[in-house]
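Here's a quick briefing to read with the model open beside you.

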Amino acid sequence: MKFPRPIIAWAGCAAIVSLSASTALAQRQPPPTPEQRLDRLERQVQQVQRQVCPKGRPSDTAGFSDEPAATQSSVGTLDQRLDALERQVADMLRQSEENGHRLQTIESDLGRFRSDQQQRLSTLEQRINDADAAAAAAPAVDVPPPSTKPAARPANGKPKPETASVSETSTGEAPGVAQDDPAEDAYSQGFRLWDAGQYDEAITTLRAFTAAYPKHRRASYANNLIGRALIEKGQLQEAARVLLANYRNNPAGARAQDSLYYLGQAEMKLGQPGQACKAYAELDAVYGPSIRPELKKLETDAKSQAQCA
């Protein structure tokens, strides 16, 4: 089939024009820069990776047989272990802060306890020093010589009982009759002052007696009367100290068990029935059957009042 010459001429012109246009376009576009070439290479590598590793990008060691590529499960396990370590560290920090706070509280409480004990010891030492000073400054006891005058007899010829004997028998602290015994006479004078309710004078006289005759058998009686006089005066803490000392310093003394009983009475007046019960329990444990019947009856009533178990 033959084409007309005008068509052939038109096609030839069009081919020449397109060739010249493409040549001109190629001449106008500059060559790609290194950055462009790198970008193109990276896109190509990413396409290859997506085809080879569809589940994710391989690790840096991919391709080596002795170092397998990381998987999503291993990454998840590492995340869980890191979370657990963070929680453990947080717990350790919290416990350390709590222990520090507890230690600070304990040190503060210990400091207050030491200060309180030091203050109480200082108060007790001051009271003891005051008592020693009062005993040293006590006036000498003038003991009258025993009277040789016979007692007056009533018309019927029978001796009249003295009123002092009734009071002494009821208290259990009655001084014995001793001829030419200045220690016994000194104690008797203190007892009579106590029995008459003159507690200040009785305390002074009895303390002078115990200072002059600390080993006398009446020392236990005298200290017990001092404690009871202090109870009557309302000086309960000082009374408790004197009574406890009389028991501890001379547990075999004639009035050591009485001092334990009156120690419980002082604690009751101080509003401490628990301490009173401890005093009564020690009285039972130490002396037991040797407690005098009248004292045992008083103790039973006192334990019931204190509601001792």
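Setting aside neighbours within four places in sequence, Asn-250 is in contact (heavy atoms within 4.5 Å) with Ser-220, Ala-245 and Ala-256. This is a predicted model, where local features need pLDDT of at least 70 and side-chain atom pairs count only at pLDDT 80 or more, while totals for chains, interfaces and linings use all residues. Residues are numbered from 1 along each chain as its sequence is written, and side-chain values use heavy atoms, with hydrogens and water left out.

- Asn-250 sits in the loop between helix H8 (236-249) and helix H9 (256-269); helices here are DSSP runs of H or I with at least four residues, strands are E runs of at least two, and both are numbered from the N terminus.
- With 33% relative accessibility, Asn-250 counts as partly exposed, a class that falls between buried (under 20% relative accessible area) and exposed (over 50%), using a 1.4 Å probe and protein chains only.
- Ser-220 belongs to helix H7 and is buried, because its relative accessible area is 2%.

**Asp-258 in H9**

- Asp-258 is in helix H9, and its 4% relative accessibility puts it among the buried residues.
- Not counting residues up to four places away in sequence, Asp-258 touches Asn-224, Arg-292 and Leu-295.

**The largest pocket**

- The largest pocket has a volume of about 1,400 Å³.
- A pocket here is an open set of points on a 1 Å grid over the protein atoms alone, where a 1.4 Å probe fits, with protein on both sides within 12 Å along at least five of seven lines; lining residues have an atom within 4 Å of a point.
- Grid points are joined across faces, edges and corners, and the volume is the space filled by probe spheres set on them.
- Its lining has 37 residues, and Ala-240, Arg-241, Val-242, Leu-244 and Ala-245 lie nearest the centre.
- Helix H3 (72-136), helix H6 (199-212), helix H7 (219-233), H8, H9 and helix H10 (273-287) each give two or more residues to that lining.
- H8 provides the largest share of the lining, 9 residues.

**H5 and what follows it**

- Just after H5, Gly-197 takes a positive phi of about 85°.

**Gln-307**

- Gln-307 has a positive phi of about 60° despite not being a glycine.
- Gln-307 lies in the segment after helix H11 (293-306) and, at 71% relative accessibility, counts as exposed.

**The chain overall**

- The secondary structure comes to 11 helices and 0 strands.
- Of the 309 residues, 23% count as buried.
- Among contacts between residues at least 6 apart in sequence, 52% join residues at least 24 apart.
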